[in-house]
Amino acid sequence: MTRPAAPTGPTGSTGSTAPTGTLPAPRRTPPGAAAPARPTRRPRRTGSFNTPSAAQNALRYLLLLVVLLLVIGPFLWQLSTSLKGPGEDVFTRSPSFIPEDPTFANYGKVADTIPVWAYAGNSLVVAAIAIFGNVVGTTLAGYALAKLRFRGARLVFGLFLATLVLPGEVTIVSQYVTVRSLGLADTLTGVALPGAIAMLNVLLMRTAFAAVPPELDQAALVDGANVWQRLWHVGLPNVRGMLSVIVIFTFIGAWDDFLWPLIVLNDPQKYTLTVGLQYLNGTFSANPRLIAAGTMIAFLPIVVVFGVCQRFFFRGVEEGAVKG
């Protein structure tokens, strides 16, 4: 007894092969059998991957508030002390933060005790010399290290880095000997000379000039521009933001410096403001209200300069950005 031949597919092979281009028939679940479980889909995230939760936001704002209090808290306390009248006890165990009888008489007493405006003028002269030296000197040095090729460039760059390792207390004696040998002791120029070119500012300007695409310099070189023209028309427009940073921090450093002017200057008429404020602290008595008022007088110019220059800083970053 012969068996019937198995049906052949389109290709001639045995088996129930579906025609090419057709989908296989869906499997039917036998009656009474449980339906197969469908794969569960993960819920879509409504926010981004790095979106913090409400608890994380609260913790961040709490930490920012703590840092804010630690930073501006002492200045607010000095401002409160400078506005307190003579009848209010500032040495009590629990002094009040808000003055009970606020007055500006302490600021007038500071001007009567020391020539505060003359000292402030001396500090402005020192700051102006330091700013001019840093703007000109660090711009030239930074551009040379970043864009010019000369023999010994790596050695010079290494020496610049090596100077940052040494603390200021190590070189202060040699600086004083150098200033005295130049005949600049007891002068405002001698006070400003060591800070006229800061090595850190040179490295900042080198980094800023190195970020300028070299294609711009090559295009200017093809057009026949020399080194000075490339620096003025290509380099400087792209580093104005960094120049603003250098101006701000140079002013703050020159205005707040106390140790170096105290060493160089001998004539009280040439004292800077930070050095002259020491006369507010008497030998046998000290009025904390006057000291706080003098501190605020020395602090307010920094706030004004930073508030005025920060918009130039952001504008310089925006205008100096290289457009692609």
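A crossing of two helices is called left-handed if the near helix is turned anticlockwise from the far one by less than a right angle. In this predicted model, the crossing of helix 4 and helix 7 is left-handed.

Helix 4 covers residues 153-165 and helix 7 covers residues 199-210. Their axes come within 9 Å and cross at roughly 135°. That angle makes helix 4 oblique to helix 7. On the side of helix 4, the residues that take part in the contact are Phe-157, Phe-160, Leu-161, Thr-163 and Leu-164. They meet Met-199, Leu-200, Val-202, Leu-203 and Arg-206 of helix 7. Sorted by class, the residues of this contact are eight nonpolar, one polar and one charged.

Helix 7 also has a contact with helix 10. The axes of helix 7 and helix 10 come within 10 Å, and they cross at roughly 170°. Angles over 145 degrees count as roughly antiparallel, so helix 7 is roughly antiparallel to helix 10. Here Asn-201, Leu-204, Met-205 and Ala-208 of helix 7 meet Met-242, Leu-243, Ile-246 and Thr-250 of helix 10. The residues of this contact divide into six nonpolar and two polar, with no charged ones.

The next topic is empty space. Rolling a probe the size of a water molecule over the atoms shows where such space is left. The largest pocket has a volume of about 970 Å³. Its lining is made of 30 residues, and nearest to the centre of the pocket lie Gly-168, Gln-175, Pro-194, Gly-195 and Ala-198. Which helices each supply at least two residues of this lining? They are helix 3 (116-147), helix 4, helix 5 (168-181), helix 6 (188-192), helix 7, helix 10 (240-256) and helix 11 (259-264). By class, the lining of the largest pocket has 19 nonpolar, nine polar and two charged residues.

The second largest pocket has a volume of about 210 Å³. It is lined by 14 residues, and those closest to its centre are Leu-277, Ile-291, Gly-294, Thr-295 and Ala-298. Helix 10 and helix 13 (288-319) each supply at least two residues of this lining. Helix 13 gives the most, with six residues. The lining of the second largest pocket divides into eight nonpolar, five polar and one charged.

One detail of the backbone remains. Asp-186 lies in the loop between helix 5 and helix 6. The phi angle of Asp-186 is near 60°, which is a positive value in a residue other than glycine.

Technical notes. Residues are numbered from 1 along each chain as its sequence is written. This is a predicted model: local features need pLDDT of at least 70, side-chain atom pairs count only at pLDDT 80 or more; totals for chains, interfaces and linings use all residues. Side-chain values use heavy atoms; hydrogens and water are left out. Axes are lines fitted to C-alpha atoms, for helices over the stretch in contact, and angles run from 0 to 180 degrees between N-to-C directions. Helices (H or I, at least four residues) and strands (E, at least two) are DSSP runs, numbered from the N terminus. Angles under 35 degrees count as roughly parallel, over 145 as roughly antiparallel, 65 to 115 as roughly perpendicular and the rest as oblique. Contact means heavy atoms within 4.5 Å. Ala, Val, Leu, Ile, Met, Phe, Trp, Tyr, Cys and Pro count as nonpolar, Asp, Glu, Lys and Arg as charged, and the others, Gly among them, as polar. On a 1 Å grid over the protein atoms alone, a cavity is a set of points where a 1.4 Å probe fits but cannot get out, and a pocket is an open set with protein on both sides within 12 Å along at least five of seven lines; lining residues have an atom within 4 Å of a point. Grid points are joined across faces, edges and corners, and a volume is the space filled by probe spheres set on the points.
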